[in-house]
Amino acid sequence: MPTKIERLEVHDVRFPTAAEADGSDSINRADYSACYVELHTDGGPTGTGFTFTGGRGNEICAAACRAYAHLVVGKTVEEIFAHPVEFWRTIVQEPQIRWLGPEKGATHMAVGAIVNAVWDLRAKLEGKPMWQLLAEMDSAELAAQIDYRHIIDELTPAEAESLLDEGRKGYEERLQTLERDGFPAYTTSVGWLGYPDDKVRSLTEQAVAEGWTAAKMKVGSADIADDVRRAGIIRDVLGPDRLLMMDANQIWSVPEAVENMRRLAAFDPYWIEEPTHPDDILGHAAIARAVDPIRVATGEVAANRVIFKQLLQAGAIRVCQIDACRVGGIPEVLATLLMAAKHGIEVCPHSGGVGLCEYVQHLGMFEYLRIGKTLEGRMIEYVDHLHEHYTDPVTVVDGRYRPPTQPGYSVTLKDESIAAYRYPDGVAWLR
């Protein structure tokens, strides 16, 4: 029997993280929040998805999700996947909403929340975790999920299918490696910008004691001397052999990025993440040339597959940091992963905020199994915040993600967590 989507429900869920400076960086100091979507069906499972925001942005994303509801409610999962690009375009090109993007910002993030919920529903119906569903799919079916309009000059359907077919070679060996060893991770919990120095040192010492071999710090302080001092603390604790990544969260101009990284190069950064405005493709390319061999990494707020196409074509990045819910869901993520593979670019998905670790573990594992075919240069960000609110939280052991086993995309919130942190009437906000 077909599974019909009967109702779309949106929850504004916010966690008060700003008070402790968790998640603080050069621009953001907000409350980790999820515009959380539930697709209720006629007797089947509930599909869940969300898009991550910093608080009040939930209100805008939730309104956008409700505006799109009529385009998914009443459809069956089977008819959606019989014509996936037609369904995706129906939402992305909704004529009265598209002007607000197009394909960027709050409306596109809402598309991602809904499309990811549809995919979560499919994975639950098939009884597979998302990474497994994607990794086992037929190459032609996977390639058919992508809207190639506006990227056809970079990736054709035939090229996509060929790359995915290549990913079948050695698949069983890679699967055994994944199931035995897990997937490499790095921690960002040591270096939020709002943390005092003594906390940065103690957290870095704790990370080393726990076996982490890679850590990331936030840079972009008002005074570069503060970044230099904090980098010195972290590098001193990490020692010379562990990786240290840096993240500017878009705060610098192009000349500032180049100059500041000259000073920070003394601490041997593996990459500089988001060194300037996310839409400045040529700026990223100029920075990449100037700071080489330090890698430039970006992607967590890259709006769509076209931005990624340009970053790759311009040689602007060496690390692609796809985000699970900034773009328009799994079909657009898939397009980006395939373009990155074509350019030989390392993929390290962005994570950190509430639920993002749960999401992107599936993407990193799928990319390894069917597209990239290597763990070289592959890491998934890990932040030890808020996992207890999910029914299928991530499991990280010895600095490596363990493959999820429950069906779906691992982003189903517990009912009690929704009730407690729903804004503004959850008990956490009534204190």
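A: What follows starts with the ring pairs and then turns to charges over rings and to the backbone.

This is a predicted model, in which local features need pLDDT of at least 70, side-chain atom pairs count only at pLDDT 80 or more, and totals for chains, interfaces and linings use all residues. Residues are numbered from 1 along each chain as its sequence is written, and side-chain values use heavy atoms, with hydrogens and water left out.

A search of the whole structure finds eleven aromatic pairs. Rings of Phe, Tyr and Trp (for Trp, the six-membered ring) pair if their centres lie within 6.5 Å; planes under 30 degrees apart count as stacked, over 60 as edge-to-face, and the rest as tilted. One of the pairs is Trp212 with Tyr382, which is stacked, at 5.7 Å centre to centre and 15° between the planes. Trp212 lies in the loop between helix H9 (197-209) and strand E5 (214-218), and Tyr382 in strand E11 (residues 380-382), so this pair ties together parts that are 170 residues apart in sequence. Helices (H or I, at least four residues) and strands (E, at least two) are DSSP runs, numbered from the N terminus.

Trp212 is buried at 8% relative accessibility, and Tyr382 is buried at 12%. Buried means under 20% relative accessible area, exposed over 50%, and partly exposed in between (1.4 Å probe, protein chains only). The rings of Tyr382 and Tyr401 have centres 6.1 Å apart and planes at 85°, so they form an edge-to-face pair. This pair links strand E11, which holds Tyr382, with strand E13, which holds Tyr401, 19 residues apart. Tyr401, like Tyr382, is buried. Elsewhere, Phe50, Tyr359 and Tyr409 form one aromatic cluster.

Two charges are placed over rings. A charge sits over a ring if NZ of Lys or CZ of Arg is within 6 Å of the ring centre and within 35 degrees of the ring normal. The charged end of Arg14 is over the ring of Tyr423, 3.7 Å from its centre, and Lys199 lies over the face of Tyr195, at 4.0 Å from the ring centre.

Pro424 is in the segment after helix H16 (415-421). Most residues other than glycine have a negative phi, and most peptide bonds are trans. Asp398 has a positive phi, near 55°, and is exposed at 63% relative accessible area. Ser410 has a positive phi of about 65° and is buried at 4% relative accessibility.
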